[in-house]
Amino acid sequence: MTLAAVADCIRQAQSVVALTGAGISTESGIPDFRSATGIYSQRQDAMELLSLSTFRRDPERFYRFFREAFLRWGDLQPNRGHRALAALEKMGKLRAIVTQNIDGLHQKAGSSRVLELHGNLQTATCHSCGRQYPMEVVRNDQAPVPLCPECHHPLQPDIVLFEQALPEQVVWAAVHAIENCQLLLVVGTSLTVAPACNLVDVRPPGARLVIINNDPTPYDPTADYIIRGSAGAILEELVNLLNL
Ligand code: NAD
């Protein structure tokens, strides 16, 4: 049984790090990007809409998509996959979650060390004066483009847009966590978005790589274990095995 073997590897590992993507949140009702029912299949221009150039050139168009696609996520709840990773942290096994997600569901499930590579939906920032506001300010603003209450420039949600660099300190913390892990648990990501996917390569020699994902990923040939299926069910079963 692959899952029992993975549970044994987790038992033996002093330090486990998880790298998660949109697939861990689909069971909470948030579409991923690249599955058949993902955001790209509905909106082929999603990548362009979520780019820095669109935000600068046509913030009204950016906000039409952002409001329709992202603002409702604030009301959604973590699923058993998020809860299983929080349980793994409480067992003293999971050192960190490095996530590409912006939905905040790992924290809602109780995980305390979450490194958000692509930012989050909690705040928005004015790049003219640097003031940061809770996302409620954007949510409650009826104007086509929410403006900074102080200097009246467009507010940018604190998510990393295409063409923007990742937050440096978070990347270094993620590199440090993965460099020091003995097992990297990859969950619900196509591992096609760079530079996040390249973090798989910084695991130390001898560290196990376990991939839990519905579809194949480019890193499958280097994995010690590949488990296909629902991330929620698999992670829950894994935690049950560890509790035996
Ligand atoms: P992706 O859409 O490229 O890949 C998701 C992967 O998850 C797919 O390979 C799919 O087979 C798998 N998957 C979907 N549901 C699953 C389930 N229930 N169980 C197991 N596997 C499942 O997502 P990505 O690799 O994270 O890259 C997308 C980018 O889009 C990220 O940068 C992320 O920031 C952003 N994004 C975030 C969210 C979120 O915050 N929840 C949602 C959509 C997109």
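Reader: What volume does the second largest pocket have?

Author: The second largest pocket has a volume of about 220 Å³. Please bear in mind that this is a predicted model.

Reader: Which residues lie nearest its centre?

Author: Gly-74, Asp-103, Leu-121, Gln-122 and Arg-139 lie nearest the centre of the second largest pocket, which is lined by 16 residues.

Reader: And which element gives the most to that lining?

Author: Helix α8 does, with 3 residues. At least two residues each come from α7 (105-109), β4 (119-126) and α8.

Reader: How does the lining divide by class?

Author: The second largest pocket is lined by 9 nonpolar, 3 polar and 4 charged residues.

Reader: Back to Arg-139: with which residue does it form a salt bridge?

Author: Arg-139 pairs with Glu-136, and their closest N and O atoms are 3.1 Å apart. Both belong to helix α8 (residues 135-140); because they are 3 residues apart there, about one helical turn separates them.

Reader: What is the N to O distance between Asp-8 and Arg-11?

Author: The closest N and O atoms of Asp-8 and Arg-11 are 2.7 Å apart, and the two residues form a salt bridge. They sit 3 residues apart in helix α1 (residues 2-12), so about one helical turn lies between them. Asp-8 is partly exposed, with a relative accessible area of 36%, and Arg-11 is partly exposed as well, at 39%.

Reader: Which residues are linked in a network of salt bridges?

Author: The network links Arg-43, Asp-45, Glu-48, Arg-57, Arg-61 and Glu-68. Within it, the side chains of Glu-48 and Arg-57 meet in a salt bridge at 3.9 Å, N to O. Glu-48 is partly exposed at 35% relative accessibility, whereas Arg-57 is exposed at 59%.

Reader: Changing topic, what is the volume of the largest pocket?

Author: The volume of the largest pocket is about 880 Å³. Its lining comprises 42 residues, and those closest to the centre are Ala-22, Phe-33, Arg-34, Asn-101 and Val-193.

Reader: How many charged residues are in that lining?

Author: The lining of the largest pocket has 6 charged residues, alongside 20 nonpolar and 16 polar ones.

How values were computed: Residues are numbered from 1 along each chain as its sequence is written. This is a predicted model: local features need pLDDT of at least 70, side-chain atom pairs count only at pLDDT 80 or more; totals for chains, interfaces and linings use all residues. Side-chain values use heavy atoms; hydrogens and water are left out. A salt bridge is a side-chain nitrogen of Lys or Arg within 4 Å of a carboxyl oxygen of Asp or Glu. Helices (H or I, at least four residues) and strands (E, at least two) are DSSP runs, numbered from the N terminus. Buried means under 20% relative accessible area, exposed over 50%, partly exposed in between (1.4 Å probe, protein chains only). On a 1 Å grid over the protein atoms alone, a cavity is a set of points where a 1.4 Å probe fits but cannot get out, and a pocket is an open set with protein on both sides within 12 Å along at least five of seven lines; lining residues have an atom within 4 Å of a point. Grid points are joined across faces, edges and corners, and a volume is the space filled by probe spheres set on the points. Ala, Val, Leu, Ile, Met, Phe, Trp, Tyr, Cys and Pro count as nonpolar, Asp, Glu, Lys and Arg as charged, and the others, Gly among them, as polar.
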